[in-house]
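Please look over the sequence and the structure before reading on.

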Amino acid sequence: MSPFPSLILEKEKGGSFIIREANHSYLRLIEGVADDVIGISFADLIFNSRFVFQEPELLKSAPDKVTGTNNSDKLIQRVKRRDNGEYRFWLIETQSLPADAANNAVFVLQTVTDITESIMAGEIRQEGGVNDSKNPGKASLHTHPDAVFSIDLQGRFLRANDSLLKLAECGEDDILSTSFLLFIVPEEQEIALDLFNTALKGEVIHFEINTITSKGNRKHLAVTNIPMVVNGTVAGVYVLAKDITVEYLVRQELAEEQRQREASVNRMYEALDSITDGFISLDYNWIITYWNSASERIFGINREDLIGKNLWDVYPPSKHQDFYSAYQKALYEKVVVRFSTYSARFNKHFDVSVYPSDEGLSIYFHDYSEKVEIEKKIRESAEKYDLISKATSDAIWDFDFAADSVTWNKGVKEIFGYSDQVTSFQWWEDHIHPEDAPEVINSIKKLIASKASFWQKEYRFRCNDGTYRYVLDRGFLMLNDQDEVVRIIGSMQDISRIREKERELQESLLLYKLVTNVTSDAIYEWDLNTNKIQWNESIGPLFGYDKSDDPSLEYWWVDKMHPQDLEKVHAVLTDAIEHKLDRLKREYRFRCSDGKYKFIKDSCTIIYQDEKAVKIIGAIKDINDLKRANAENERLVNLINKVNNLIIISDPDMRILWVNEAFVSHCGYSREEVYGKTPMELLHGEETNAETVALLKAQLGRGQSFSGELVNYTKNGEKYWIHLNCTPVFDEDDGFKGFVAVSNVITERKEREGRLQKQTAALRNIAWLSSHEVRKPAANILGILALLRHADMQEEVNEYVGLLEQAAEELDRIVRDISRKINSIEIE
């Protein structure tokens with residue numbers, strides 16, 4: 001909250017503003033207390049406080065203004081005290097604050113600055129005369145950093161401070177009694193005169209204007225005209241002026257830069273309008289800001305019908321999901337996104353490039369539909385060729401014995417990366433893996449010698465990049481009329497992925513066996529087609545069942561589930577399968593061989609084929625001890641939260657980890673406010689004894705217990721006494737984990753002890769009076785009585801009687817004084 005006098009207002013559903021917070025500066029300003037201010041409506045404060053505001057309705061409407069179209073509002077109010085009629089001038093600034101997370105309320109910050117000294121520096125007395133040099137505000141007038149001056153009804157200067165003289169570049173004699181229009185640039189004098197006349201009508205005016213000094217230098221000022229009201233009549237104008245020339249020139253430069261940027265943007269848009277690709281731009285709210293001519297041609301929509309509209313209102317995301325996802329990624333992750341897609345709405349294929357910027361998104365569309373049609377025709381031709389030339393699959397080869405040449409189809413390039421389609425037989429041999437070559441070549445020779453019709457072999461073949469691929473090679477012999485081999489036609493199929501999958505499967509099986517052997521969890525594989533379940537060895541130790549039990553059937557498993565959990569467990573699994581979920585976690589109770597139930601955690605993966613669940617693989621973990629520990633922890637927390645002691649649990653650095661409900665209720669802090677803080681920085685204050693704190697830190701720093709009394713403070717500054725017992729906490733291995741602090745609030749006892757001390761002091765004083773003050777008149781009485789016994793003359797007797805009366809009166813006075821003091825003591 002601001003260090004200046006400030007309020008925080010909250011707008012309720014009915015539209016009224018309620019005061020939610022008032023800082024100490026504001027309470028001092030209005031001479032009030034928090035209980036009388038916080039929780040009341042802002043209107044009640046304005047109309048029912050000890051101050052009378054000059055324009056209460058205008059002040060009342062200020063919060064509505066800033067929660068509407070403006071972010072802030074400034075208002076100068078003349079304020080009158082109801083009790084003594086004193087006037088003050090307040091500058092009241094109202095600012096909007098963000099709504100809460102649920103957007104249920106709007107908050108407003110209102111800051112008050114007392115500017116009476118600045119205003120009163122040029123004040124005219126109620127009698128109509130100008131303040132003399134003894135005016136206490138004069139010093140602040142001349143030392144004020146901004147120009148402060150007053151003008152009479154004819155627009156002549158009455159009073160000017162040093163800042164104005166410096167700003168006007170002249171002396172006081174040169175400016176007093178002259179017209180203020182002499183310092184306004186000629187082209188704006190008429191405007192300045194209108195604003196002056198508006199102030200004479202009783203309105204406070206804020207404006208900026210260009211001025212000229214006595215030396216011809218131009219200045220740009222921010223000015224406030226305030227009516228000078230005397231006995232209800234405007235007698236002139238107070239003026240506050242601030243030199244903002246530098247700021248004004250910067251704004252001018254920024255405006256010129258903005259104009260240049262706009263011109264550059266316009267040139268860019270002209271260039272974008274001439275390209276053949278579609279181009280559109282969006283701001284951060286998905287509003288279309290540009291749509292070039294090519295986009296009009298591609299999408300068949302005029303830019304006038306689109307610019308200014310939300311893109312997703314025109315093209316709903318549900319029908320353009322690929323565009324929507326790409327645009328979201330580019331906008332929020334600040335990355336360039338490129339993708340190709342087909343739009344059924346426009347029956348076109350697009351290459352799309354999306355570029356994020358500070359303003360939003362720039363998007364390019366390239367229509368490659370014609371290219372797709374061409375490729376489609378080529379592909380159809382290639383497919384016809386492949387159907388004719390393909391013996392079995394992939395790379396087709398034709399070995400001509402007479403020419404010693406091998407002709408290849410395009411598969412040799414796609415699979416192995418070679419561009420030549422005619423090679424020698426030796427080239428083929430040279431590319432077989434050295435470890436496989438002897439066996440493969442020997443098998444070919446046997447094929448030719450035997451003149452068998454079919455040959456098949458698996459081996460590794462070298463690619464153009466030097467790597468090897470596993471291939472399945474099949475060949476068919478062709479014989480001439482003389483039963484001689486003239487050619488072999490065959491195909492090479494790339495089976496590298498199959499071999500890799502086989503290797504991965506073997507590794508997975510090995511890993512599965514290792515995991516099932518070492519884990520204490522019960523691993524199961526449930527075939528949903530046969531309803532058979534396979535378990536690892538942990539099913540026995542975990543639940544106590546031996547090999548005579550048959551856990552392979554579903555009903556065995558279901559029968560062991562707790563009856564109260566069975567329906568829920570089945571429903572969760574059925575729902576997961578219906579929604580095609582891959583993973584599922586369930587917790588339920590399972591009956592052991594001794595008839596007792598354990599809490600278990602069942603985590604599994606569901607495998608689907610053709611949209612149908614066919615297998616479930618999972619692991620069952622015993623969480624019985626964890627469940628019991630959690631239940632015990634919850635019971636302990638609930639128990640601690642019910643005690644009246646203030647309890648804090650902290651780490652070894654004394655930073656708070658947890659507090660109980662009694663702490664939150666008594667101290668006023670939420671748990672989120674105290675976590676990570678130390679009790680010293682939250683609770684200690686002015687009257688907290690430094691020696692006690694030092695002893696506390698020393699004891700805790702050595703990991704020792706501490707017990708003592710000290711003063712703490714609540715969140716709202718209320719002091720209270722506690723008796724603190726702080727104990728270190730160690731784990732099972734004697735590792736230091738932190739502290740537990742238990743505090744008893746003893747404020748009432750300490751206050752009672754204070755009262756008893758005062759009573760004791762008073763009684764001691766009374767005892768002293770009784771033993772000293774009473775003794776003096778009593779001694780006088782005894783002495784006078786002794787003299788009276790020996791008196792012979794009546795005159796002497798009368799004198800002694802008079803002295804006795806005086807001593808008796810003094811004794812009576814002392815006794816009454818003692819009685820009064822005794823009666824004034826509050827007996828505890």
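Is arginine 487 buried, partly exposed or exposed? Arginine 487 counts as partly exposed, at 27% relative accessibility, where buried means under 20% relative accessible area, exposed over 50%, and partly exposed in between (1.4 Å probe, protein chains only).

This is a predicted model, in which local features need pLDDT of at least 70 and side-chain atom pairs count only at pLDDT 80 or more, while totals for chains, interfaces and linings use all residues. Residues are numbered from 1 along each chain as its sequence is written, and side-chain values use heavy atoms, with hydrogens and water left out.

**Nonpolar core**

- The largest nonpolar core has 27 residues; such a core is a set of buried Ala, Val, Leu, Ile, Met, Phe, Trp, Tyr and Cys residues joined through side-chain atoms within 4.5 Å.
- Phe416, Trp428, Tyr459, Phe461 and Met492 have the most contacts inside this core.
- Elements that give two or more residues to the core include helix H16 (411-416), helix H17 (425-430), strand S20 (454-462) and strand S22 (485-494). Helices (H or I, at least four residues) and strands (E, at least two) are DSSP runs, numbered from the N terminus.
- Helix H18 gives the most to this core, with five residues.
- In soluble globular proteins, nonpolar side chains tend to be buried together.

**Salt bridges across the chain**

- The structure holds 37 salt bridges, each being a side-chain nitrogen of Lys or Arg within 4 Å of a carboxyl oxygen of Asp or Glu.
- Arginine 487 meets aspartate 398 in one of these, at 2.8 Å from N to O. Aspartate 398 lies in strand S17 and arginine 487 in strand S22, so this pair ties together parts that are 89 residues apart in sequence.
- Another salt bridge joins lysine 348 and aspartate 367, with the closest N and O atoms 3.5 Å apart. This pair links distant parts of the chain, strand S15 (residues 348-356) and strand S16 (residues 360-367), and its members are 19 residues apart.
- Lysine 348 is partly exposed at 22% relative accessible area, and aspartate 367 is partly exposed at 29% relative accessibility.

**A salt bridge within one helix**

- Arginine 259 and glutamate 256 form a salt bridge through their side chains (2.5 Å, N to O).
- The two are separated by about one helical turn, because they are three residues apart in helix H11 (residues 245-274).
- Arginine 259 is partly exposed at 47% relative accessibility, and glutamate 256 is partly exposed with a relative accessible area of 33%.
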